[in-house]
Amino acid sequence: MERIRAGIIGSTGMVGQQFVRMLDEHPYFDLVMLSSSERSAGMKYGEYVNWSLGNEMPEYVRERELKRTTTEDIKMEDVDFVFSALPSAPAKKIESALAEQGIPVFSNARANRMEEKVPILVPEINSEHLGIIEHQDFQKGFIVTNSNCTASGLTMGLYPLLELGVSSVNVVTYQALSGAGLTGVPSLAILGNVIPFIRNEEEAMEAETKKILGKFDREKGRISELETPVHASCARVPVINGHLENVSVEFQGDVNVHELVRIWKNFKGPAQELKLPSAPESPVLFMHQEDRPQPTMDVYAGKPERAAGMVVSVGRVRKKADNMVNFWVLVHNTVRGAAGASILNAEYAFRKGIFGERGIC
Ligand SMILES: NC(=O)c1ccc[n+]([C@@H]2O[C@H](COP(=O)([O-])OP(=O)(O)OC[C@H]3O[C@@H](n4cnc5c(N)ncnc54)[C@H](OP(=O)(O)O)[C@@H]3O)[C@@H](O)[C@H]2O)c1
């Protein structure tokens, strides 16, 4: 299979590095362009980047020159599409400008997620939402986003349960430091501490969850959000990777814990049916142990190897009333909650023929 040419804008940060790691020898995508801010453009990736993912920086990027993140510079690299790991402010303008120039964007940034015609795609949950790109106003390109890191864990745990009739959801998060980016939280502020505030996070988690779980009307080109109330409270904790979330779900009728566990264990979606390279065999792992999931032990759950970190782990499910349960969810915030989610979206779009020969259909 001939690979198509991919770029990463914002390639040097926390999420950018996960992209670089996960795109090494990717079967569909050939990573040919890496960009960053003006501060580092022109330098070699291996010289500038402070690699933060444990193992060695992959050899294939060390000698690559960092490009400027402008439409002109990116067009010169002849990419078929880009992944975006930019902060929200610069992402807003450049992502639209690239799409306008015929370069599709798969974005992690918050900037365009809640735009009416932009999907927050999760192939296991709402693959049909990809159809909304036909209604975007760009000449040739398009923008597809993946969700905020916390919403990616919550929606994967929650979606399979919707068939039982859910009447409200309450979630409390314990979010890792890598979620704030490479230079996000000063060590003196977080060591031995918990910060019960993350700017814009609760609002984003609530709104994005409802959009992801909403219904797509193809003719009208509209996604109508889930009406079920979702309430979030978010805290930053001194953990490196992995957001833990405590979820309380109220159902319309009585529920049985064994039934919930059966539903999670059997859950699969189009990403699994298509055997996408970054799709885990099962997107939800139910853990029976009384003290799991835990970030240090479970954050890289997922098989095959390329899908490590793409599983959302669920555990400690307890009945609190006839119609109410509480459980814990763990998501790798820079893999399933960021770079891995974006790569899975691009793999799904690729297999659906959204990319034509050297460009989009
Ligand atoms: N971390 C997570 O868990 C997570 C999860 C989901 C979504 N996200 C989202 O993903 C995006 C990236 O997050 P991150 O954690 O990787 O951030 P980060 O570590 O701060 O990295 C930001 C990247 O953007 C580049 N950049 C900054 N300002 C720029 C500008 N004006 N023009 C061009 N490039 C610029 C940086 O380049 P330099 O190295 O040159 O500064 C770096 O490559 C954000 O929108 C974030 O909200 C993050």
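Val 82 touches Ala 6, Gly 7, Ile 8, Ile 9, Ile 74, Leu 98, Ile 103 and Val 105, leaving aside residues up to four places away in sequence; two residues count as in contact if their C-beta atoms, placed from the backbone, lie within 7 Å. The model is predicted, and local features need pLDDT of at least 70, side-chain atom pairs count only at pLDDT 80 or more, while totals for chains, interfaces and linings use all residues. Residues are numbered from 1 along each chain as its sequence is written.

Val 82 is also, with Ile 8, Phe 19 and Val 329, among the residues with the most contacts inside the largest nonpolar core, which has 97 residues. Helix H12 (residues 335-351) gives the most to this core, with 10 residues, and the core draws at least three residues from each of domain 1 (4-148 + 339-360) and domain 2 (149-332). A nonpolar core is here a set of buried Ala, Val, Leu, Ile, Met, Phe, Trp, Tyr and Cys residues joined through C-beta atoms within 7 Å; a residue is buried if 20 or more other C-beta atoms lie within 10 Å of its own, exposed if 12 or fewer, and partly exposed in between, with C-beta atoms placed from the backbone. Helices (H or I, at least four residues) and strands (E, at least two) are DSSP runs numbered from the N terminus, and domain bounds come from an automatic or database domain assignment.

The C-alpha centres of domain 1 and domain 2 lie 24 Å apart, and 33 residues of domain 1 are in contact with 30 residues of domain 2. On the side of domain 1 that touches domain 2, the largest share, seven residues, comes from H12. By class, that side has 14 nonpolar, 12 polar and seven charged residues, where Ala, Val, Leu, Ile, Met, Phe, Trp, Tyr, Cys and Pro count as nonpolar, Asp, Glu, Lys and Arg as charged, and the others, Gly among them, as polar.

Both domains also contribute to the shell around the ligand, with at least three residues drawn from each. Of the 31 residues around the ligand, Gly 10, Gly 13, Val 15, Ser 37 and Gly 181 come nearest, a residue being near if its C-beta atom, placed from the backbone, lies within 6 Å. The shell divides into 11 nonpolar, 18 polar and two charged residues, and helix H1 (14-22), helix H4 (88-100) and H12 each supply at least two of its residues.

An open sheet of six strands has the order E3-E2-E1-E4-E5-E6, with parallel pairing. Strand E3 (67-68) and strand E6 (143-145) stand at its edges, each with a single partner strand, so one side of each is left without a neighbour in the sheet. Strand E2 (residues 29-36) has six of its eight residues buried and is therefore largely enclosed by the rest of the structure. The table lists strand pairs, where two strands pair if DSSP finds at least two bridges between them.

| Strand pair | Sense and bridges |
|---|---|
| E1 (residues 4-9) and E2 | parallel, six bridges |
| E5 (residues 105-107) and E6 | parallel, three bridges |
| E7 (residues 166-175) and E10 (residues 230-236) | parallel, seven bridges |
| E7 (residues 166-175) and E11 (residues 243-251) | antiparallel, eight bridges |

Individual partners can be named within these pairs: Ile 9 has Ser 35 of E2 as its bridge partner, and Ser 107 has Thr 145 of E6. Thr 173 is bridged to Glu 245 in E11, whereas Tyr 174 stands opposite Ala 235 in E10.
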